[in-house]
Amino acid sequence: MTASVFVAGKLLPETMKTLGKWDVNAYTGEENITEDELLKNTAEVDAIICPLSSPITANVLESAKNLKIVANIGAGFDNIDVKKAQELGIAVTNTPDVSTEATAELTLGLILDVARRISEGDRLCRETPEQFKGWAPTFFLGTELSGKTLGIIGLGRIGQAVAKRAAAFGMKIIYSGHNPKEAAKEWDAEFVSQEELLEQSDVVTVHAAYNPSLKHLLNETTLKTMKSSAFLINAARGPVVEEAALIHALKTGVIAGAALDVFEFEPKIGTELGKLDNVVLTPHIGNATVETRTEMGQIAIANVEAVLAGGEPLHSVY
């Protein structure tokens, strides 16, 4: 009997073509799938392939009586009730280690954008071109990266890839985390406390793996310890930054600017953020490249193949 697979979000056409060996049903809605939609579509399936926006709750897991695996497309898996899945003997997999280069590239893009006011300048040229009178010594000044200090919170794979790129721009690297990293020697990066990192950095970028203890790591109190000329970058997880505190800090000059690819109440983006010139916003596109998303789809399918064939998952999260 052919195995049944439910795909809980739109995948690349090339990825969908490789699912032909199974009986596949796919969610085609424009909005993120809801728990109710999942309950309607997964009661009889053997496998679920889902983006990290899919709420794979205890209800969903318990109602899917034939379910053997949930293959998440994404390194994170906080959208899945992993504890319940483990209790029920359902494999849960992710797609680790494939987002590194793409996310590091976007992070550098965000740093350059907010420091050199690229998006702000683009808006000026499109919306109020009359403000541009020609080159002038004091017009639209930004900040150079060369010689500045980049503080990386979490020097894992993505943090290291960011450090490599930032070093090429002539930045000094400092980082915080649980322990010093041997790889940091390559860029003469200095291990410091989080307090020291916030106080010393001209740019702070977050790349720590998310867990509930990191919620509001950047809040009213910690933001005030940063330089007033500093920029905050978040391409990790939205709840790391307390949005209301950040908006206040940006409005009152506590910090100079911010660039965000993720948001505390995602997919909702605070309307106040969009009104500020000193913030750059992108819609969670850290690993949104054809190359990375193709590889993520292939990894998810490989995990499903392994489990449905009676083997062990290749990238189990527990």
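1. Let us start with a word you will need: a residue is called buried when its relative accessible area is under 20%, exposed when it is over 50%, and partly exposed in between (1.4 Å probe, protein chains only). Helices (H or I, at least four residues) and strands (E, at least two) are DSSP runs, numbered from the N terminus.

2. A word on the model itself: it is predicted, so local features need pLDDT of at least 70 and side-chain atom pairs count only at pLDDT 80 or more, while totals for chains, interfaces and linings use all residues. Residues are numbered from 1 along each chain as its sequence is written, and side-chain values use heavy atoms, with hydrogens and water left out.

3. Have a look at strand E9 (residues 203-206). Val203 and Thr205 point one way, Val204 and Val206 point the other way, and all are buried. In a regular strand the side chains alternate between the two faces of the sheet.

4. Which strands pair with E9? Two strands pair if DSSP finds at least two bridges between them. Strand E6 (residues 149-153) joins E9 in the parallel sense over four bridges, and here Val206 is the bridge partner of Ile153. Strand E10 (residues 231-234) also runs parallel to E9, with four bridges; Ile233 in E10 is the partner of Thr205.

5. Now for the charges. Side chains of opposite charge can pair when their charged atoms come close. A salt bridge here is a side-chain nitrogen of Lys or Arg within 4 Å of a carboxyl oxygen of Asp or Glu, and the count comes to 16 salt bridges.

6. One of them joins Glu305 and Lys21, at 2.4 Å from N to O. This pair links distant parts of the chain: Glu305 sits in helix H12 (residues 290-308) and Lys21 in the loop between helix H1 (13-17) and strand E2 (23-26), 284 residues apart. Glu305 is partly exposed, with a relative accessible area of 32%, and Lys21 is partly exposed at 48%.

7. Another salt bridge brings together Glu62 and Lys84, whose closest N and O atoms are 3.1 Å apart. Glu62 belongs to helix H3 (residues 58-63) and Lys84 to helix H4 (residues 82-88), 22 residues apart. What links Glu62, Lys84 and Glu87? The three are joined in a network of salt bridges.

8. Arg165 lies in helix H7 (residues 157-168) and Glu101 in helix H5 (residues 100-116), 64 residues apart. Glu101 is partly exposed, with a relative accessible area of 44%.
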